[in-house]
Amino acid sequence: MAAPLGYDLTVQQLIPGYASLARLSVALLAASPLGAPSGAPVLVAGCGTGAELVEAQAQRPDWHLWAIDPSNEMLQAAKARLGDSSSAIHWQQTTVEALDADSRFCGALSVLVLQSLPDDGSKLAFLTALARSLEPGGQLVLVDLMAPERSPLQSQVQAAWLGFQKASGLRGLDTDGADLEPLTQGLHPIGEARLTALVNAAGFGDPARVFQALGYEGFLLQRRR
Ligand SMILES: C[S@@+](CC[C@H](N)C(=O)[O-])C[C@H]1O[C@@H](n2cnc3c(N)ncnc32)[C@H](O)[C@@H]1O
(Lines give C-alpha, C1' and ligand atoms only; values in the text may rest on other atoms or scores of the structure.)
Protein backbone atom coordinates (compact mmCIF):
# COMPACT_ATOMS: atom_id res chain seq x y z
CA MET A 1 0.00 0.00 0.00
CA ALA A 2 1.30 3.43 -0.94
CA ALA A 3 2.28 5.77 1.88
CA PRO A 4 -0.59 7.99 3.07
CA LEU A 5 1.23 11.09 1.78
CA GLY A 6 -0.94 12.19 -1.14
CA TYR A 7 -3.31 9.21 -0.77
CA ASP A 8 -6.45 11.25 -0.24
CA LEU A 9 -5.93 13.35 -3.37
CA THR A 10 -4.72 10.49 -5.57
CA VAL A 11 -7.66 8.25 -4.72
CA GLN A 12 -10.10 11.02 -5.72
CA GLN A 13 -8.26 11.58 -9.00
CA LEU A 14 -8.24 7.86 -9.70
CA ILE A 15 -11.73 6.73 -8.71
CA PRO A 16 -14.82 8.39 -10.14
CA GLY A 17 -17.31 8.97 -7.34
CA TYR A 18 -14.79 8.31 -4.54
CA ALA A 19 -15.89 11.46 -2.70
CA SER A 20 -19.40 10.00 -2.35
CA LEU A 21 -18.40 6.43 -1.52
CA ALA A 22 -17.93 6.80 2.23
CA ARG A 23 -21.17 8.79 2.56
CA LEU A 24 -23.13 6.25 0.57
CA SER A 25 -21.59 3.27 2.37
CA VAL A 26 -22.42 4.67 5.81
CA ALA A 27 -25.97 5.63 4.74
CA LEU A 28 -26.54 2.09 3.49
CA LEU A 29 -25.41 0.50 6.74
CA ALA A 30 -27.33 3.05 8.83
CA ALA A 31 -30.50 1.93 7.04
CA SER A 32 -29.85 -1.77 7.71
CA PRO A 33 -31.97 -3.65 10.31
CA LEU A 34 -29.02 -4.23 12.67
CA GLY A 35 -27.21 -0.95 11.91
CA ALA A 36 -30.21 1.29 12.53
CA PRO A 37 -30.50 0.88 16.34
CA SER A 38 -28.59 3.38 18.45
CA GLY A 39 -25.15 2.31 19.65
CA ALA A 40 -24.65 -0.44 17.08
CA PRO A 41 -21.06 -1.76 16.95
CA VAL A 42 -19.67 -1.24 13.43
CA LEU A 43 -16.39 -2.44 11.93
CA VAL A 44 -14.45 -0.33 9.43
CA ALA A 45 -12.18 -2.92 7.85
CA GLY A 46 -9.15 -1.37 6.18
CA CYS A 47 -9.93 2.14 7.40
CA GLY A 48 -6.96 3.65 5.55
CA THR A 49 -6.78 7.39 6.16
CA GLY A 50 -10.26 7.45 7.73
CA ALA A 51 -12.74 8.59 5.05
CA GLU A 52 -15.46 6.17 6.23
CA LEU A 53 -14.80 7.02 9.89
CA VAL A 54 -15.29 10.76 9.32
CA GLU A 55 -18.56 10.04 7.55
CA ALA A 56 -19.74 7.51 10.14
CA GLN A 57 -19.16 9.97 12.96
CA ALA A 58 -21.07 12.65 11.05
CA GLN A 59 -24.07 10.46 10.20
CA ARG A 60 -24.11 8.15 13.21
CA PRO A 61 -22.29 9.63 16.22
CA ASP A 62 -23.99 6.93 18.35
CA TRP A 63 -22.26 4.00 16.60
CA HIS A 64 -19.43 2.21 18.38
CA LEU A 65 -16.76 2.27 15.72
CA TRP A 66 -13.93 -0.24 15.43
CA ALA A 67 -11.28 0.91 12.97
CA ILE A 68 -8.75 -1.69 11.87
CA ASP A 69 -5.90 -1.60 9.40
CA PRO A 70 -2.62 -3.55 9.28
CA SER A 71 -0.74 -0.38 8.31
CA ASN A 72 0.41 1.73 11.24
CA GLU A 73 1.04 4.59 8.81
CA MET A 74 -2.59 4.53 7.67
CA LEU A 75 -3.87 4.30 11.25
CA GLN A 76 -1.76 7.30 12.30
CA ALA A 77 -3.01 9.32 9.31
CA ALA A 78 -6.62 8.41 10.16
CA LYS A 79 -6.17 9.36 13.83
CA ALA A 80 -4.67 12.71 12.83
CA ARG A 81 -7.57 13.34 10.45
CA LEU A 82 -10.18 12.51 13.10
CA GLY A 83 -8.51 14.77 15.68
CA ASP A 84 -10.24 14.93 19.06
CA SER A 85 -13.06 12.65 17.94
CA SER A 86 -10.56 9.84 17.38
CA SER A 87 -10.78 9.04 21.10
CA ALA A 88 -14.35 7.76 20.59
CA ILE A 89 -13.08 5.09 18.17
CA HIS A 90 -11.57 1.72 19.05
CA TRP A 91 -8.37 1.41 16.97
CA GLN A 92 -6.55 -1.83 16.21
CA GLN A 93 -3.55 -2.49 14.01
CA THR A 94 -4.58 -5.80 12.51
CA THR A 95 -6.11 -7.53 9.52
CA VAL A 96 -9.70 -8.73 9.36
CA GLU A 97 -8.40 -12.29 9.23
CA ALA A 98 -6.56 -11.85 12.55
CA LEU A 99 -9.50 -10.24 14.38
CA ASP A 100 -10.51 -11.83 17.65
CA ALA A 101 -12.95 -14.68 16.90
CA ASP A 102 -15.31 -13.30 19.58
CA SER A 103 -15.81 -9.98 17.76
CA ARG A 104 -19.46 -9.46 16.77
CA PHE A 105 -20.51 -6.42 14.76
CA CYS A 106 -23.92 -5.29 13.53
CA GLY A 107 -22.39 -3.98 10.32
CA ALA A 108 -19.09 -3.60 8.49
CA LEU A 109 -17.55 -1.49 5.74
CA SER A 110 -14.80 -2.68 3.43
CA VAL A 111 -13.93 -0.06 0.84
CA LEU A 112 -11.11 -0.81 -1.64
CA VAL A 113 -9.58 -3.63 0.42
CA LEU A 114 -10.57 -6.99 -1.11
CA GLN A 115 -9.16 -5.87 -4.48
CA SER A 116 -5.61 -6.01 -3.13
CA LEU A 117 -5.85 -9.67 -2.08
CA PRO A 118 -5.06 -12.43 -4.61
CA ASP A 119 -7.77 -14.97 -5.41
CA ASP A 120 -5.68 -17.85 -4.07
CA GLY A 121 -7.70 -18.39 -0.92
CA SER A 122 -6.83 -14.94 0.45
CA LYS A 123 -10.03 -13.29 -0.78
CA LEU A 124 -12.12 -16.14 0.65
CA ALA A 125 -10.27 -15.98 3.99
CA PHE A 126 -10.88 -12.22 4.17
CA LEU A 127 -14.60 -12.54 3.36
CA THR A 128 -15.04 -15.51 5.72
CA ALA A 129 -13.45 -13.53 8.54
CA LEU A 130 -15.77 -10.60 7.80
CA ALA A 131 -18.84 -12.86 7.86
CA ARG A 132 -17.64 -14.44 11.11
CA SER A 133 -17.21 -11.01 12.69
CA LEU A 134 -20.83 -10.06 11.93
CA GLU A 135 -23.99 -10.97 13.81
CA PRO A 136 -26.31 -13.20 11.76
CA GLY A 137 -28.27 -10.77 9.57
CA GLY A 138 -25.49 -8.17 9.85
CA GLN A 139 -24.60 -6.37 6.63
CA LEU A 140 -21.37 -5.53 4.84
CA VAL A 141 -20.83 -2.76 2.31
CA LEU A 142 -18.07 -3.89 -0.04
CA VAL A 143 -16.54 -1.60 -2.68
CA ASP A 144 -13.82 -2.66 -5.09
CA LEU A 145 -12.33 -2.45 -8.55
CA MET A 146 -13.92 -5.26 -10.55
CA ALA A 147 -12.55 -7.20 -13.52
CA PRO A 148 -13.65 -5.70 -16.85
CA GLU A 149 -16.68 -7.24 -18.55
CA ARG A 150 -16.14 -8.82 -21.96
CA SER A 151 -17.71 -6.17 -24.14
CA PRO A 152 -16.81 -4.52 -27.45
CA LEU A 153 -17.15 -1.20 -25.59
CA GLN A 154 -14.56 -2.11 -22.93
CA SER A 155 -11.70 -0.26 -24.63
CA GLN A 156 -13.83 2.90 -24.53
CA VAL A 157 -14.44 2.39 -20.81
CA GLN A 158 -10.68 2.04 -20.21
CA ALA A 159 -10.03 5.19 -22.27
CA ALA A 160 -12.68 7.06 -20.30
CA TRP A 161 -11.04 6.02 -17.04
CA LEU A 162 -7.74 7.44 -18.26
CA GLY A 163 -9.52 10.59 -19.41
CA PHE A 164 -11.11 10.96 -15.98
CA GLN A 165 -7.71 10.66 -14.30
CA LYS A 166 -6.14 13.24 -16.58
CA ALA A 167 -9.02 15.67 -16.20
CA SER A 168 -8.69 15.25 -12.43
CA GLY A 169 -5.03 16.29 -12.62
CA LEU A 170 -3.43 12.93 -11.92
CA ARG A 171 0.20 13.27 -12.98
CA GLY A 172 2.46 10.95 -14.88
CA LEU A 173 0.00 9.61 -17.43
CA ASP A 174 0.99 9.49 -21.09
CA THR A 175 -1.51 10.21 -23.82
CA ASP A 176 -1.34 6.58 -24.92
CA GLY A 177 -2.21 5.39 -21.44
CA ALA A 178 1.17 3.72 -20.98
CA ASP A 179 1.30 4.72 -17.33
CA LEU A 180 -2.16 3.51 -16.47
CA GLU A 181 -0.97 0.02 -15.61
CA PRO A 182 1.02 0.92 -12.49
CA LEU A 183 -2.13 2.35 -10.92
CA THR A 184 -3.75 -1.07 -10.99
CA GLN A 185 -0.53 -2.92 -10.23
CA GLY A 186 -0.83 -5.18 -7.22
CA LEU A 187 -4.61 -5.33 -7.53
CA HIS A 188 -6.53 -8.55 -8.17
CA PRO A 189 -9.97 -7.62 -9.47
CA ILE A 190 -12.52 -10.40 -10.03
CA GLY A 191 -15.80 -10.55 -11.93
CA GLU A 192 -19.25 -10.52 -10.38
CA ALA A 193 -19.85 -14.27 -10.83
CA ARG A 194 -16.65 -15.05 -8.94
CA LEU A 195 -17.50 -12.50 -6.25
CA THR A 196 -20.92 -14.12 -5.80
CA ALA A 197 -19.33 -17.57 -5.43
CA LEU A 198 -16.82 -16.26 -2.89
CA VAL A 199 -19.31 -14.34 -0.74
CA ASN A 200 -21.72 -17.30 -0.76
CA ALA A 201 -18.91 -19.62 0.36
CA ALA A 202 -17.96 -17.11 3.06
CA GLY A 203 -21.47 -17.10 4.56
CA PHE A 204 -23.18 -14.15 2.83
CA GLY A 205 -26.23 -14.12 0.60
CA ASP A 206 -26.00 -12.88 -2.99
CA PRO A 207 -24.51 -9.40 -3.44
CA ALA A 208 -26.83 -6.51 -4.35
CA ARG A 209 -25.10 -3.87 -6.46
CA VAL A 210 -25.52 -0.40 -4.97
CA PHE A 211 -22.83 1.60 -6.81
CA GLN A 212 -20.95 1.56 -10.09
CA ALA A 213 -18.59 4.04 -11.69
CA LEU A 214 -16.59 2.56 -14.58
CA GLY A 215 -14.89 -0.52 -13.06
CA TYR A 216 -15.56 0.39 -9.43
CA GLU A 217 -18.56 -1.33 -7.94
CA GLY A 218 -20.17 -1.39 -4.54
CA PHE A 219 -22.27 -4.21 -3.11
CA LEU A 220 -24.49 -4.71 -0.10
CA LEU A 221 -24.10 -8.15 1.48
CA GLN A 222 -25.97 -9.75 4.36
CA ARG A 223 -24.61 -12.50 6.56
CA ARG A 224 -26.88 -15.51 6.40
CA ARG A 225 -28.85 -16.19 9.59
C1 LIG B 1 -6.85 1.36 -0.77
S2 LIG B 1 -6.85 1.46 0.97
C3 LIG B 1 -8.55 1.93 1.27
C4 LIG B 1 -8.68 2.75 2.51
C5 LIG B 1 -10.07 3.31 2.77
N6 LIG B 1 -11.02 2.24 3.02
C7 LIG B 1 -10.54 4.17 1.63
O8 LIG B 1 -11.59 3.89 1.05
O9 LIG B 1 -9.87 5.15 1.32
C10 LIG B 1 -6.84 -0.24 1.50
C11 LIG B 1 -6.54 -0.40 2.99
O12 LIG B 1 -6.80 -1.74 3.37
C13 LIG B 1 -5.80 -2.16 4.28
N14 LIG B 1 -5.77 -3.62 4.26
C15 LIG B 1 -5.10 -4.44 3.41
N16 LIG B 1 -5.33 -5.74 3.71
C17 LIG B 1 -6.18 -5.75 4.77
C18 LIG B 1 -6.77 -6.79 5.56
N19 LIG B 1 -6.54 -8.09 5.27
N20 LIG B 1 -7.58 -6.45 6.59
C21 LIG B 1 -7.82 -5.14 6.85
N22 LIG B 1 -7.28 -4.11 6.14
C23 LIG B 1 -6.46 -4.41 5.12
C24 LIG B 1 -4.54 -1.47 3.77
O25 LIG B 1 -3.53 -1.37 4.76
C26 LIG B 1 -5.08 -0.12 3.33
O27 LIG B 1 -5.01 0.84 4.35
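Leaving aside neighbours within four places in sequence, Leu53 is in contact (heavy atoms within 4.5 Å) with Val44, Cys47, Leu65, Ala67, Leu82, Ile89 and Trp91. The model that shows these contacts is predicted, so that local features need pLDDT of at least 70 and side-chain atom pairs count only at pLDDT 80 or more, while totals for chains, interfaces and linings use all residues. Residues are numbered from 1 along each chain as its sequence is written, and side-chain values use heavy atoms, with hydrogens and water left out.

Leu53 has its place in helix α3 (residues 51-59), where helices (H or I, at least four residues) and strands (E, at least two) are DSSP runs numbered from the N terminus. With a relative accessible area of 0%, Leu53 is buried; buried means under 20% relative accessible area, exposed means over 50%, and partly exposed lies in between, for a 1.4 Å probe and protein chains only. Ala22 stands 31 residues from Leu53 in sequence, and their C-alpha atoms are 8.3 Å apart in space.

Leu53 also belongs to the largest nonpolar core, which has 38 residues and in which Tyr18, Leu53, Trp63, Leu65, Trp91, Leu112 and Tyr216 have the most contacts. Such a core is a set of buried Ala, Val, Leu, Ile, Met, Phe, Trp, Tyr and Cys residues joined through side-chain atoms within 4.5 Å. Helix α2 (residues 18-30) supplies the largest share of this core, six residues. Trp63, not counting residues up to four places away in sequence, touches Val26, Leu29, Ala30, Gly35, Gly39, Ala40, Val42 and Ala56. A second, separate core of 27 residues includes Leu99, Leu130, Leu140 and Leu221.

Leu112, one of the residues with the most contacts in the largest core, lies in the loop between β4 and α5 and is buried, with a relative accessible area of 14%. Its phi is near 65°, a positive value in a residue other than glycine. Leu214 likewise has a positive phi, near 50°, and it lies in the loop between β6 (208-213) and β7 (216-222), but at 29% relative accessibility Leu214 counts as partly exposed.

Charged side chains give another view of how the chain is held against itself in the model. The structure holds six salt bridges, a salt bridge being a side-chain nitrogen of Lys or Arg within 4 Å of a carboxyl oxygen of Asp or Glu. In one of them the side chains of Arg81 and Asp8 meet at 3.5 Å, N to O, and this pair links distant parts of the chain, with Arg81 in helix α4 (residues 72-82) and Asp8 in helix α1 (residues 7-14), 73 residues apart. Arg81 is partly exposed, with a relative accessible area of 40%, and Asp8 is partly exposed with 29%.

Asp119 and Arg194 meet in another salt bridge, at 2.7 Å from N to O. Asp119 lies in the loop between β4 (105-111) and α5 (122-133) and Arg194 in helix α7 (residues 192-202), so the pair ties together parts that are 75 residues apart in sequence. The side chains of Glu217 and Arg209 also meet in a salt bridge, at 2.7 Å from N to O, and salt bridges that share partners join Glu192, Arg209 and Glu217 into one network. Within this pair Glu217 is buried, with a relative accessible area of 5%, whereas Arg209, at 41%, counts as partly exposed.

On a 1 Å grid over the protein atoms alone, a cavity is a set of points where a 1.4 Å probe fits but cannot get out, and a pocket is an open set with protein on both sides within 12 Å along at least five of seven lines; lining residues have an atom within 4 Å of a point. The second largest pocket holds about 290 Å³ of space, a volume being the space filled by probe spheres set on grid points that are joined across faces, edges and corners. Of the 17 residues that line this pocket, Met146, Pro148, Gln154, Gln158 and Gly215 lie nearest its centre, and helix α6 (residues 154-167) gives the largest share of the lining, four residues. The largest cavity holds about 40 Å³ of space, and its lining includes Leu114, Lys123, Met146 and His188.
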